[in-house]
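Please view the sequence and the structure before reading on.

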Amino acid sequence: MLTQLFELTDTIEFEEDGWLTITSANWEGSNLILSIQVRVPGTFEKQFHIVCHQSRSHRIIALANDSLVLLSSDHVVLYPHNQKQGDLYFNGRPSDPLSLLGALVESHRAAVGTWFSVDHFLYLPGQPADILRGGYGLLAKGPVQLLATYANVLDSYGIKHSLVDSHDPIRWNGEQRTTETEELHALVIGDSFVVAPSFTENVI
């Protein structure tokens with residue numbers, strides 16, 4: 001899977017002087033097609049079409065020159081697709097809701113970096129601290145492993161909580177919602193990523 005791409009990028013020449021750019025991204029049915037330029041000045045320049053078969057999720061930042069490229073089966077962008085999912089509720093009014101909010105944001109960044117925005121999993125409508133001032137309700141939806149991180153923060157502030165509706169990840173297969181059963185991988189290029197079960201390449 002992507003043998004030729006990694007033969008070029010897993011070299012000393014690429015690591016020292018090379019870069020890689022996503023020049024376009026287009027859909028063909030459920031497949032996301034990336035056009036990629038790989039270059040080491042004075043050495044080589046190659047164009048690839050990468051087919052991301054039945055892509056589950058993606059974030060594409062085109063025309064950014066990056067040197068990081070990897071294919072991973074345990075990257076954080078896979079969490080919504082390969083981990084148990086659930087809902088985290090809290091019950092208790094914090095004495096300092098802004099401090100608790102800041103601690104939740106810090107725990108989020110420590111767990112997933114900038115791969116997901118803070119409100120991707122945390123439920124923070126309107127004024128973000130208002131949900132905490134309310135004293136009870138839904139705090140977050142998402143991967144159970146990440147919800148446990150948020151729960152540890154609640155514990156440190158003496159706030160009760162409960163995790164409910166733990167279930168296998170669900171996806172839309174084009175016709176209905178169904179349990180995710182395939183092994184998925186993350187193709188990461190700089191700050192861009194695509195999650196899919198398989199990838200194929202064509203050198204242009």
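Which residues line the second largest pocket? In this predicted model, the lining consists of S30, Q54, S55 and R56 together with R171, W172, N173 and G174.

## The second largest pocket

The volume of this pocket is about 160 Å³. Sorted by class, its lining comprises five polar residues, two charged residues and one nonpolar residue.

## The largest pocket

The largest pocket holds about 420 Å³ of space. Its lining is made up of 22 residues, and those nearest the pocket centre are P80, Q85, H120, F121 and G142. By class, the lining of the largest pocket contains 12 nonpolar, seven polar and three charged residues.

Three elements, α3 (79–82), β6 (85–91) and β7 (136–143), each contribute at least two residues to the lining of the largest pocket. Of the elements that take part, β7 gives the most, with four residues.

## Overall architecture

The protein contains 13 strands and six helices, and its C-alpha trace extends over about 60 × 40 × 25 Å along the principal axes. When contacts between residues at least 6 apart in sequence are considered, 69% of them join residues at least 24 apart.

Of the 204 residues, 46% count as buried, where buried stands for a relative accessible area under 20%. The protein exposes about 10700 Å², of which carbon and sulfur atoms supply 47%.

In soluble globular proteins, nonpolar side chains tend to be buried together. Here the largest nonpolar core has 34 residues, and the members with the most contacts inside this core are L88, L122, L139 and Y150. At least two residues of this core come from each of β6, α4 (97–112), α5 (130–133), β7, α6 (144–156), β11 (185–189) and β12 (192–196), while the largest share, six residues, is supplied by α6.

Note on methods: Residues are numbered from 1 along each chain as its sequence is written. This is a predicted model: local features need pLDDT of at least 70, side-chain atom pairs count only at pLDDT 80 or more; totals for chains, interfaces and linings use all residues. Side-chain values use heavy atoms; hydrogens and water are left out. On a 1 Å grid over the protein atoms alone, a cavity is a set of points where a 1.4 Å probe fits but cannot get out, and a pocket is an open set with protein on both sides within 12 Å along at least five of seven lines; lining residues have an atom within 4 Å of a point. Grid points are joined across faces, edges and corners, and a volume is the space filled by probe spheres set on the points. Ala, Val, Leu, Ile, Met, Phe, Trp, Tyr, Cys and Pro count as nonpolar, Asp, Glu, Lys and Arg as charged, and the others, Gly among them, as polar. Buried means under 20% relative accessible area, exposed over 50%, partly exposed in between (1.4 Å probe, protein chains only). Contact means heavy atoms within 4.5 Å. Accessible areas come from the Shrake-Rupley method with a 1.4 Å probe; for residues, only the protein chains shown count as cover. A nonpolar core is a set of buried Ala, Val, Leu, Ile, Met, Phe, Trp, Tyr and Cys residues joined through side-chain atoms within 4.5 Å.
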